[in-house]
Amino acid sequence: MLRFIAVFLAALSFALAARPAFAQDLSDPSAPDSSPWWVQAAAEEAPEKKFHLLPFLEDSEKPRDWVGLTRDTALLIGYQVVGAAVLYALPSSVSKWTSNNKDASFEKWWEHVQNPQWDHDSATVNYIGHPYFGATYYTRARERGFDRIDSFLYAAVASTLYEYGVEAFFEPPSYQDLIVTPVGGALLGGLVFEPIRNWVKRKPEIAWYDHLILIATDPIGALNYVAESLMGIKSDIRVNVPRRGNGVFVEMRLPW
């Protein structure tokens, strides 16, 4: 439920974040910055020296943005806390939470984290919803310059933080979710989301439905862009289209 609230908030952010734009070429530094949200939510420049968890399986040419991914993770946890607070405040007729669900305490959390279980959620939630959220975690790491293996590991970490973090105050961690979220997310993200996003980014002009595609495949990035904009975090964006090759390299510099 908390994850679905995050997606709903991301959809609302479309009105603020999505706008037609063209990539700015480095050859014209004086041109106005009209980059779309997905460019501004990309990885900021990091030191050239890179740390690889599994260097023999490295497949990314961009430097890893550890600072950016850490900030993404902190904001993600913040959304989960806000979502739990909203559900807690809503009447039971709306949230469907019983008094037992709202009886959140450290003692209850500690009991839950020591007793993970196989949940009884529907197949739609377990095998469609959780792979989707795993794919959004995977995509966020890929957008920050991490390779496929590292992005899979990040999806596993993000899922574990949720299961043993905010959700554990209300119910025990789920074995299915801990397995299906990162595994299904890496498959969906790597085989479906990533090719679609690369195809959209290579288009000479970004239409409104392209923004919807990019938001749907990276709602965390879209929501984080809006949150950072509201907090006054300004970025220096440059987009370089290599003369040889079909890729688009995006670099982002933040003041902190």
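**Entry 1: nonpolar patch**

I started with the surface of this predicted model and looked for nonpolar side chains grouped together. I found a nonpolar surface patch of about 900 Å². Its members are Trp-118, Tyr-175, Ile-179, Val-183, Leu-187, Leu-191, Val-192, Ile-196 and Trp-199.

I then checked two of these members, Leu-191 and Val-192. Leu-191 lies in helix α8, and I noted it as exposed because its relative accessible area is 65%. Val-192 is also in α8, which covers residues 175-201.

**Entry 2: salt bridges**

Next I turned to the charged side chains. Side chains of opposite charge can pair when their charged atoms come close. I have 12 salt bridges on the list, and I went through several of them.

I looked at Arg-64 and Asp-147, which form a salt bridge with their closest N and O atoms 2.9 Å apart. This pair links distant parts of the chain, 83 residues apart. Arg-64 sits in the loop between α2 (37-40) and α3 (66-89), while Asp-147 sits in the loop between α6 (123-143) and α7 (148-163). I noted both Arg-64 and Asp-147 as buried.

The side chains of Arg-197 and Glu-143 meet in another salt bridge, at 3.2 Å from N to O. Arg-197 is in helix α8 and Glu-143 in helix α6, so this pair ties together parts that are 54 residues apart in sequence. I checked cover for each partner. Arg-197 has a relative accessible area of 2% and is buried; Glu-143, at 8% relative accessibility, counts as buried too.

I also looked up Lys-203, which forms a salt bridge with Asp-210, the closest N and O atoms being 3.0 Å apart. Lys-203 is partly exposed, with a relative accessible area of 22%, whereas Asp-210 is buried at 0%.

**Entry 3: helix α6**

Glu-143 sent me back to α6. I noted that this helix has 21 residues and reaches 29 Å from its first C-alpha to its last. That is close to the 30 Å expected at 1.5 Å a residue.

Where in α6 does the kink lie? I found it at Gly-129, shortly before the proline Pro-131, and the kink is about 25°.

I recorded α6 as mostly covered, with 15 of its 21 residues buried. After the helix comes Gly-145, whose phi is positive, near 90°.

**Entry 4: helix α5**

I looked at which sides of α5 (residues 106-113) are covered. Lys-108, Trp-109, His-112 and Val-113 are buried in this helix. Seen down the axis of α5, its buried residues fall within an arc of 130°, so they line one face of the helix. An α-helix has 3.6 residues a turn, so residues three or four places apart point the same way. The face of α5 turned away from the buried side carries the exposed residues Phe-106 and Glu-107.

**Entry 5: whole chain**

Last, I went over the overall make-up. The protein chain has 10 helices and two strands. From the N terminus on, I read the order of its elements as α-α-α-α-α-α-α-α-α-α-β-β. Of the 256 residues of the chain, 46% count as buried.

Notes
Residues are numbered from 1 along each chain as its sequence is written. This is a predicted model: local features need pLDDT of at least 70, side-chain atom pairs count only at pLDDT 80 or more; totals for chains, interfaces and linings use all residues. Side-chain values use heavy atoms; hydrogens and water are left out. Buried means under 20% relative accessible area, exposed over 50%, partly exposed in between (1.4 Å probe, protein chains only). Helices (H or I, at least four residues) and strands (E, at least two) are DSSP runs, numbered from the N terminus. The arc is that of the directions from the helix axis to the C-beta atoms. Patches are made of residues with over 30% relative accessible area and no salt bridge: like charges are joined within 9 Å, nonpolar side chains (Val, Leu, Ile, Met, Phe, Trp, Tyr) within 5 Å. Accessible areas come from the Shrake-Rupley method with a 1.4 Å probe; for residues, only the protein chains shown count as cover. A salt bridge is a side-chain nitrogen of Lys or Arg within 4 Å of a carboxyl oxygen of Asp or Glu. The expected span of a helix is 1.5 Å times one less than its number of residues. The bend at a residue is the angle between axes fitted to the seven residues ending there and the seven starting there.
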